[in-house]
Amino acid sequence: MSMSDPIADMLTRVRNGLQVHREYVDVDASRVKRSVAEVLQREGYLRDVRSVVGRAGHPALRIFLKYDDDGQPVIQRLGRVSSPGRRIYRGVREIPRILNGLGIAVLTTSKGILSDREARAQGVGGEILCEVW
């Protein structure tokens, strides 16, 4: 079965893992998924991202989830913005500030996949993949 939106699948697996307090979740590997996970790790929403061998020997990403001292997930909301049927592009001046800067937007730009802060600092806009807080 083909998957029409692999990024949404990754985000759903992370959300589901957080709900049941898993230590990590495994997702099929791709460069885009790895880059999105690395942005979330850089911004402090994930503990670690590693490459592993998944089902049937296919490459996978092991995403280690992060919780606070009380055991509550660090990620309160993780949602897809742009989708294969409706792409959402924003210039550098229109990049949204998520919860007045408390959250982040993940964008795909001409300089790679970046957080909203990194995109503004580099002066580039792009497609808004997801929002996190």
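These legends walk through a few close-up views of a predicted model. Residues are numbered from 1 along each chain as its sequence is written, and side-chain values use heavy atoms, with hydrogens and water left out. Local features need pLDDT of at least 70 and side-chain atom pairs count only at pLDDT 80 or more, while totals for chains, interfaces and linings use all residues.

**View 1. The one aromatic pair that a search of the whole structure finds.** The ring centres of Tyr-24 and Phe-64 sit 5.6 Å apart with planes at 55 degrees, so this pair is tilted. (Rings of Phe, Tyr and Trp, using its six-membered ring, pair if their centres lie within 6.5 Å; planes under 30 degrees apart are stacked, over 60 edge-to-face, and the rest tilted.) Tyr-24 belongs to strand β1 (residues 24–28) and Phe-64 to strand β3 (residues 59–65), 40 residues apart, so to speak a link between distant parts of the chain. Strands here are DSSP runs of E, at least two residues, and helices runs of H or I, at least four, numbered from the N terminus.

View 2. (Buried is under 20% relative accessible area, exposed over 50%, partly exposed in between, with a 1.4 Å probe and protein chains only.)

**View 3. The two sides of helix α2 (residues 31–42).** Lys-33, Val-36, Ala-37, Val-39 and Leu-40 are the buried residues of α2. They cover an arc of only 155 degrees around the axis, which puts them on the same side of α2; the arc is taken from the directions from the helix axis to the C-beta atoms. Arg-31 and Arg-42 are exposed on the other side.

Notes. Expected span 1.5 Å × (residues − 1).
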